[in-house]
Amino acid sequence: MIKVQFYSLIRILLKQEKLELSACENENVGQLLQRLQRQIATPFLHKLLDKKGEPILGTIIMVNRRNIHHLEKLETPVADSDVVALFPPGAGG
Amino acid sequence: MSRFSLKGWSGKLLRVDLTAGTCTDEVLNEQWAKEYLGGRGLGTKYFTEEVAADVDPFSAENKLILAAGPLTGTYGAANGRYMVITKSPLTGTIASSNSGGYFPCELRYAGYDMVIFEGKAEYPSYLQIHNDKAQLVGAVHLWGKSTKETEDQILAEFHGDAKIACIGQAGENLVSFAAIINDKHRAAGRTGIGAVMGSKNLKAIAVRGTGGVKIADPVAYREAALDSYALLKANPVSGEGLPALGTPVLVNVINQMGALPTNNFQKDTFDGAEAISGEALASTYLKRNKGCMGCVIGCGRVTGLAGSRFDGDGEGPEYETLFSLGSACGVDDLAAITKANYICNEYGMDTITIGTTIACAMELAEKGLVTEEEIGMPLSFGDADAMVKLVEMAGKREGFGEKLAMGSYRMAESFGAPELSMSVKKLEFPAYDGRGIQGIGLNYATSNRGACHVRGYMISPEVLGLPEKLDPQATEDKAVWTKIFQDFTATVDSSGVCLFTTFAIGAPQFANFLTAATGAEFTEATIMEIGERIYNMERVFNLKAGVDPSQDTLPKRLLEEPISDGPLKGEVAKLGEMLPEYYQERGWSTEGIPTDERLQTLGLV
């Protein structure tokens with residue numbers, strides 16, 4: 001199973017903290033997100049991706065606690081037992 | 001008095017001689033205003049011209065300057081900020097601490113850009129300003145009262161619509177990290193400026209102003225404001241993220257990446273992070289968000305503890321507090337952290353320094369360097385009740401609170417273990433471990449007031465990816481980025497605008513605002529040059545004060561002890577790879593001394 005964790009506005013929007021999905025062979029983060037959106041009735045991907053399907057500036061997506069920006073971005077592979085964390089843009093001080 | 005010809009600034013400062021009990025208006029120095037703007041820059045210019053660098057922070061010769069910026073109180077973007085400048089009793093460096101709310105704007109509406117306090121009052125006093133009338137009045141009846149009680153009493157006896165900045169018992173007791181609290185819940189928090197105020201027997205400043213801010217080109221200013229509003233609202237951080245979850249949203253982000261300092265930086269992931277996160281706060285004690293005057297972001301957290309084992313209501317905690325009183329102490333009790341935050345606001349204390357000082361005491365206890373008898377209670381990481389109790393004891397300087405009131409460095413030094421203080425230049429770290437995020441480590445080491453994140457918020461590019469994503473573990477180019485962030489921040493801090501606007505607007509917007517407001521011409525280039533001038537001015541003061549470049553460093557733990565857990569396990573701060581390049585970028589000598597040539601270029605000699 002792949003565990004997806006929802007944070008910030010997405011958690012508020014979806015009213016849930018996480019979701020588990022079965023892994024698909026040769027799937028990457030971008031494909032996982034699209035599959036996730038098809039499975040969840042409430043639209044949430046617009047909080048993470050722009051109209052071209054690229055991460056909005058400030059979006060943080062982690063796979064096993066590593067930012068996909070420094071891996072293979074949306075093409076980062078995901079596999080069974082991976083943990084994917086989704087953070088829409090936020091900031092602090 | 002000579003004339004001040006520009007708009008934007010009020011063009012007037014109030015000089016208060018506490019020893020003599022007099023209040024005198026002065027025309028603002030117009031040339032300095034153009035070169036240093038206001039707030040942090042202009043306040044520090046006046047301070048360094050008038051006060052010797054070797055001054056004892058608690059002596060009558062030290063001065064305390066409250067300075068708004070030329071944009072404070074206008075409807076520009078989030079323009080409710082001011083700065084307090086003095087010499088810090090905690091660090092021995094220049095101290096300048098920022099706060100926002102309604103008080104800074106009211107000062108402008110009364111007609112003042114700045115108030116300079118000098119000398120020392122014979123007995124507790126406070127300053128009343130009602131437009132152009134200013135007077136010192138007795139505050140014996142307020143001494144010993146909390147910031148809330150003080151504000152309520154002044155509202156009742158002076159003017160119901162006054163805006164107030166004051167100290168609590170911590171400032172009176174010269175706690176070395178005492179804050180000045182305005183509008184009941186907003187803190188000019190860091191570096192102990194509240195203790196300097198207390199040393200002067202000054203309890204509060206109460207202002208009622210009914211004027212406005214004159215704008216040189218109202219049409220251009222309106223355009224600049226509408227442009228910025230649009231950018232701030234469209235930006236997902238300032239338009240949505242910060243209003244909804246505030247700064248606490250970072251608890252989970254920084255914990256996930258493995259850079260959330262835990263148990264006094266002995267770990268960098270916290271099992272209790274979820275319990276003290278912004279998401280947890282939003283679903284428990286958060287009542288609503290709140291902004292400073294005219295702010296379209298509204299990052300403030302209005303909270304209440306009904307239904308918990310504590311009582312009270314107020315504002316906060318912010319992300320920094322959730323770290324300092326939370327993960328740094330191993331405490332995962334959100335109600336206890338919130339309660340301790342309220343106590344800090346009421347006593348007037350910096351939540352970052354008190355939390356990290358308690359965390360340091362917990363490690364001293366863990367290592368057997370301080371006994372249960374000395375503390376007066378058992379103390380270990382994760383003990384929420386002890387944390388809350390110690391916060392109050394520090395404010396009162398009661399029992400072990402006497403040690404805590406020294407700040408972590410002096411406290412740890414007194415137990416023979418200064419290396420357990422997680423600080424730079426005796427100012428404690430905020431909520432990001434410089435071992436896992438290299439640029440913020442460089443910023444901590446070179447910040448002019450010690451380990452401060454908001455002197456150069458490298459978290460923005462290194463973690464949040466704003467304005468572009470940098471690799472947090474890389475050291476390449478971090479010197480260049482850090483210098484840019486430090487210089488631009490110095491300008492923002494001098495304008496009267498909130499730093500959080502810079503997630504959406506940049507130097508071009510600031511140039512437009514300042515040009516339209518003042519009638520003087522500002523460009524992107526002058527915005528950055530002003531910031532660099534301010535940064536070098538502060539550096540020169542620190543050098544004269546004896547804070548030499550050997551202090552541009554990090555604690556041994558960050559330089560030599562690798563992160564022990566999480567995804568960044570094994571990382572150390574690679575300061576040596578960045579510092580020489582940083583000095584070079586700044587045009588300083590290889591020893592970190594600003595060269596005459598650079599100072600001449602910046603108009604500092």
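## Cis prolines and a positive phi

B:Pro467 sits in the loop between H19 and helix H20 (478–495) of chain B; helices (H or I, at least four residues) and strands (E, at least two) are DSSP runs, numbered from the N terminus. The peptide bond that joins B:Leu466 and B:Pro467 is cis, with omega about 5°. Another cis bond runs from B:Gly316 to B:Pro317, with omega near 10°, and B:Pro317 lies in the loop between E15 and H11 of chain B. B:Asn131 has a positive phi, near 50°, and is not a glycine; its place is the loop between strand E7 (125–130) and strand E8 (133–138) of chain B.

A quick word on ground rules: this is a predicted model, where local features need pLDDT of at least 70 and side-chain atom pairs count only at pLDDT 80 or more, while totals for chains, interfaces and linings use all residues. Residues are numbered from 1 along each chain as its sequence is written, chains are lettered from A and ligands numbered from 1 in the order in which they are written, and side-chain values use heavy atoms, with hydrogens and water left out.

## The three-stranded sheet

Strands E13, E14 and E15 of chain B make an open sheet in the order E13-E14-E15, with antiparallel pairing; two strands pair if DSSP finds at least two bridges between them. At the edges are strand E13 (286–290) and strand E15 (313–315) of chain B, each pairing on one side only. On average, neighbouring strands here are turned by 20° against each other, direction ignored. (Axes are lines fitted to C-alpha atoms, for helices over the stretch in contact, and angles run from 0 to 180 degrees between N-to-C directions.)

Strand E14 (residues 300–304) of chain B is joined to E15(B) by three bridges, antiparallel again, and B:Val302 stands opposite B:Glu315 in E15(B). Helix H8 (residues 236–245) of chain B touches E13 and E14 of chain B, its direction making about 20° with that of E14(B). Helix H12 (residues 334–347) of chain B touches E14 and E15 of chain B, at about 75° to the direction of E15(B).

## The six-stranded sheet

Chain B also has an open sheet of six strands, ordered E8-E7-E12-E9-E10-E11, and its pairing is mixed. E8 and strand E11 (186–188) of chain B are at the edges with a single partner strand each, so one side of each is left without a neighbour in the sheet. The twist from one strand to the next averages 20°.

Inside this sheet, strand E9 (residues 163–166) and strand E10 (residues 180–182) of chain B pair in the antiparallel sense over two bridges. B:Ala165 has B:Asn182 in E10(B) as its bridge partner. Helix H4 (residues 147–157) of chain B lies across E7, E9, E10 and strand E12 (202–208) of chain B, running at about 140° to E9(B).

## Salt bridges

Side chains of opposite charge can pair when their charged atoms come close. With a salt bridge taken as a side-chain nitrogen of Lys or Arg within 4 Å of a carboxyl oxygen of Asp or Glu, the count over all chains is 42. One of them pairs B:Glu346 with B:Lys148 at 3.7 Å, N to O. That pair links distant parts of the chain, with B:Glu346 in helix H12 and B:Lys148 in helix H4 of chain B, 198 residues apart.

B:Gln256, B:Lys469 and B:Pro567 supply 24% of the area that chain B buries against chain A, more than any other three residues. In contact terms, 36 residues of chain B meet 24 residues of chain A.

Two salt bridges cross this interface. B:Glu240 and A:Lys47 meet in a salt bridge at 2.4 Å, N to O. H8, helix H9 (250–257), helix H11 (319–326) and helix H19 (459–464) of chain B each supply at least two residues of the side that touches chain A, and H8(B) gives the largest share, seven residues.

How values were computed: Contact means heavy atoms within 4.5 Å. Buried area is the accessible area (1.4 Å probe) that two parts lose on being put together, summed over both.
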